[in-house]
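Colleague: I have just opened this entry and would appreciate a guided tour. Could we go through it together, one topic at a time?

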Amino acid sequence: MINIPKIFKNDDSSSSRVTLPILPLRDIVVFPGMVVPLFVGRTKSVNALAEAMGKNKTIFLSTQRMAGVDNPEEQDISNVGTVGTILQLLKLPDGTVKALVEGKARGRIVSFIPGEEFLSVDAEPMPENTVTEAEGEALSRAIIDAFEEYTKLNKSISKELIGKVAAIEDSGKLADTVASHLPFKVADKQTLLEAIDISKRMDILLGLIKREGEIFEMGQKIRGRVKNQIEQTQKNYYLTEQMRAIKKEMGADDSADDELQELEKRIKSKRLSKEAAFKIKQEFKKLKMMSPMSAEASVVRNYIDWMLDLPWYNRSKTKNDLEAAEATLNQDHFGLEKPKERILEYLAVQTLVNKVRGPILCLVGPPGVGKTSLARSVARATGRRFVRISLGGVRDEAEIRGHRRTYVGAMPGKIIQNLKKAGVNNPVFCFDEVDKMSTDFRGDPSSALLEVLDPEQNNTFNDHFLDVDYDLSDILFITTANTLSDIPLPLQDRMEVIRIPGYTEHEKYMIAKDHLIPKQIKMNGLKVEEIEFSRQAVFDIIRSYTREAGVRNLEREISSICRKTALEVVKKKAKKPVKILPKKVEKFLGPIRFRYGQVEEKDQIGMVTGLAWTQVGGELLCIETALMPGKGQLTVTGQLGDVMKESARAAVSYVRSKSAALKLDDDFYSKVDIHIHVPEGAIPKDGPSAGITMCTALVSAFTKLPVNKDVAMTGEITLRGRVLPIGGLKEKILAAHRGGLKKVIIPKENEKDLEEIPASILKQMIVVPAGHLDEVLKEALILPEGSDLFTTLEPI
């Protein structure tokens, strides 16, 4: 009796043909009843799987005659295959598809149906000739016995499989199951698949099992013979000689498995520069003459692998859509207009020319303002891959340039290592904390960076390990730093510096509302409808619990509130959202840590509020002056640097020179000792910008006139009372705004820098440009009504 499988039966009872998409297989034969995973990467094959999944999950599986053919046609595919069902389909990250298929029945291709998307076939069943019960039983027993004998030799086959095979009663199914679990050649498995006569199929299978057992036994004998022949000094070569002896006995050609030939194929197929291609050919010649077990061979092989793994000419496709890039940058960051504008300028140039050298940008700003995340956003906006290297604490030149191969364990530098990891030759390369590098006896890493960050030289970067020129000119380098002063001048000269100042309160509020709060709600397992921050609560966090230029501490405080809210939500299981109001902020975060809008409670004599610049942004700097009976000695405390001490002496000299104008006795200086103190003595301070602040404090102390508590000032002073310009004006004015001061006195020459300060800040403050100290004193000191103390001061 001949059975037609159900899978071939269709609505037309007169025909058992079916039309199915076909999946050509390489180096594998699928038998009926066999469940096998397949990794599919060819476009037509992926489309065929998609077509089958969209219908009845049925697909025709047939083995290619030549596995190396990438686009098989009718003549390249075996006519006999298996109709299978797709059990599972999974798309992998690299674009390939993993399919789990089960063979259902043998089938023969009647005709091919060509298509642009995938191939289809008209297939008909392969009816199996039945076998007599006695013959089938005899052949089944013989196959089971032979299979058990083989499993005694090959311990890799589990005992459970032997039991399952012995329990199969159907002769055809038994033959297919055993054939699918043994390492036969593809051609032999195809012969078994094409055998319609079950008795003939079982005869062929029995012969193949016995032949495989004989080959396995021969291999064991060869291994034993080789082991007895080699001497004690040749033990290191045992495995290599064993493989050669096995291949010699079997008459097999070992060239296909030869590692050197595989390596040679990689070298021929890899696109390299002329210098690198010449170098790698020389190294390969040396490798072929070396013993595989020698230490030098492993060094040469490692070098060749590094050269072949680098993306010499691999490039990712970059985006030149300015509108999309601008939208991406605005989505990721609030503010930062100048850095964004510079990135868009670069993209605009790239759209107009075919080749543009990657610019070297240096983002300088306090911690927490988003320098590194901006670099990551640039990569996303330009469609490039992102690579980050932290240079904090790096003090070895070899970290940048690599080690020479003469050293044990030599490796390329971090630049070459990360290019290999990126896989492309044009990523966004972020050198983080470039100002934190140090120098010792192992070299100066900042000097090694000179070539990397020079657009005129980095197309011939030479790593000590590779010892060939490598082109870095397509890379978009972005460096980040907190201060420029710690970066060597030659390195600064190679970079385009973009300053990222601290954020205003309004900017911090917008960043918290649009970025930090949604991020922390998600990270702490909350839902948007479970917590609600009021506007005033966010401002209270900014003003009373953080005092920084960036938003890092702000994010920590928001995270702390979200954690405590999560505890409330879990404990009380409240259905209403938890509203974060100012009272709730104080409950969650504790007592207020910083005074906001609380300058000195009253106007004081000899105490002036100055402004200082630090690596974390601007700070308020109170300067106190005390007079006591003495002999004119000057004491300056507060861990001040030499420049600041000189400013104090210059201020004293100026006050002495103006004693008449200030209505002081000629010998006033000789009767008192002067003590100038800058609080927070544990923090080192230096710089000339506190000159006018010290001078104002001295004048206040000597004249007994109080200083306006709402005034802050910054500026360098000369012996003649001129007010000289200073740096970091934006950070200082932001600090004054954070501190709630209403008036700021700045040098007149810094008036042009007010353009960088947001208009919303300037509207809330009075900024007074001063060119001479008498202008400062008139604004800072509180004079009695009708006083003409400064009418005699002569401007310089």
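Modeller: Let us begin with a term: two strands count as paired if DSSP finds at least two bridges between them. Please also keep in mind that this is a predicted model.

Colleague: Understood. How many helices and strands are there in the chain?

Modeller: The chain has 26 helices and 24 strands. It contains 796 residues, and 47% of them are buried. Of the contacts between residues at least 6 apart in sequence, 73% join residues at least 24 apart.

Colleague: Which strands form the open sheet, and in what order?

Modeller: The order is β8-β9-β12-β7-β13, five strands in an open sheet with parallel pairing.

Colleague: Which strands stand at the edges?

Modeller: Those are β8 (386-390) and β13 (496-499). Each has a single partner strand, so one side of each has no neighbour in the sheet. On average, neighbouring strands here are turned by 20 degrees against each other, direction ignored.

Colleague: How many bridges join β9 to β12?

Modeller: Four bridges join β9 (residues 428-432) to β12 (residues 476-481), and the two strands run parallel. As one example, Phe429 has Phe477 in β12 as its bridge partner.

Colleague: And which strands does helix α12 touch?

Modeller: Helix α12 (residues 337-352) packs on the sheet and touches β7 (360-364), β12 and β13. The direction of α12 makes about 145 degrees with that of β13. Helix α15 (residues 414-422) also packs on the sheet, where it touches β8 and β9. Between the directions of α15 and β8 the angle is about 150 degrees.

Colleague: What follows α15 in the chain? I noticed Asn426; where is that residue found?

Modeller: Asn426 is in the loop between α15 and β9.

Colleague: Is Asn426 buried or exposed?

Modeller: Asn426 is buried, because its relative accessibility is 0% and the cut-off for buried is under 20%. Leaving out residues up to four places away in sequence, Asn426 touches Arg315, Ser316, Thr318, Arg384, Asp474 and Ile475. The C-alpha atoms of Asn426 and Leu476 are separated by 7.0 Å, although these residues are 50 apart along the chain.

Colleague: What is Leu449 in contact with?

Modeller: Beyond its neighbours within four places in sequence, Leu449 is in contact with Leu391, Ile400, Phe431, Val434, Met437 and Leu491. Leu449 is also one of the buried residues of α16, together with Pro445, Ser446, Ala448, Glu451 and Val452.

Colleague: Why is α16 described as largely enclosed?

Modeller: Six of the eight residues of α16 (residues 445-452) are buried, so the helix is largely enclosed by the rest of the structure. Those buried residues pack against α14 (398-401), α15, β9, β10, β12 and α17 (489-493).

Colleague: You mentioned α10. At what angle do α8 and α10 cross?

Modeller: The axes of α8 (residues 259-269) and α10 (residues 295-309) cross at roughly 30 degrees and come within 11 Å. This crossing is left-handed. On the α8 side the contact is made by Glu259, Leu263, Arg266 and Ile267, and on the α10 side by Arg301, Ile304, Asp305, Leu308 and Asp309. By class, the contact has four nonpolar, no polar and five charged residues.

Colleague: A change of topic: what is phi of Asp467?

Modeller: Phi of Asp467 is near 60 degrees, a positive value in a residue other than glycine. Most residues other than glycine have a negative phi. Asp467 is in the loop between β10 (461-462) and β11 (469-470), and counts as partly exposed at 38% relative accessibility.

Colleague: And Lys704, what is its phi?

Modeller: Phi of Lys704 is near 60 degrees, again a positive value in a residue other than glycine. Lys704 lies in the loop between α23 (691-703) and β20 (711-713), and at 56% relative accessibility Lys704 counts as exposed.

Key
Residues are numbered from 1 along each chain as its sequence is written. This is a predicted model: local features need pLDDT of at least 70, side-chain atom pairs count only at pLDDT 80 or more; totals for chains, interfaces and linings use all residues. Side-chain values use heavy atoms; hydrogens and water are left out. Axes are lines fitted to C-alpha atoms, for helices over the stretch in contact, and angles run from 0 to 180 degrees between N-to-C directions. A crossing is left-handed if the near helix is turned anticlockwise from the far one by less than a right angle, and right-handed if clockwise. Contact means heavy atoms within 4.5 Å. Ala, Val, Leu, Ile, Met, Phe, Trp, Tyr, Cys and Pro count as nonpolar, Asp, Glu, Lys and Arg as charged, and the others, Gly among them, as polar. Buried means under 20% relative accessible area, exposed over 50%, partly exposed in between (1.4 Å probe, protein chains only).
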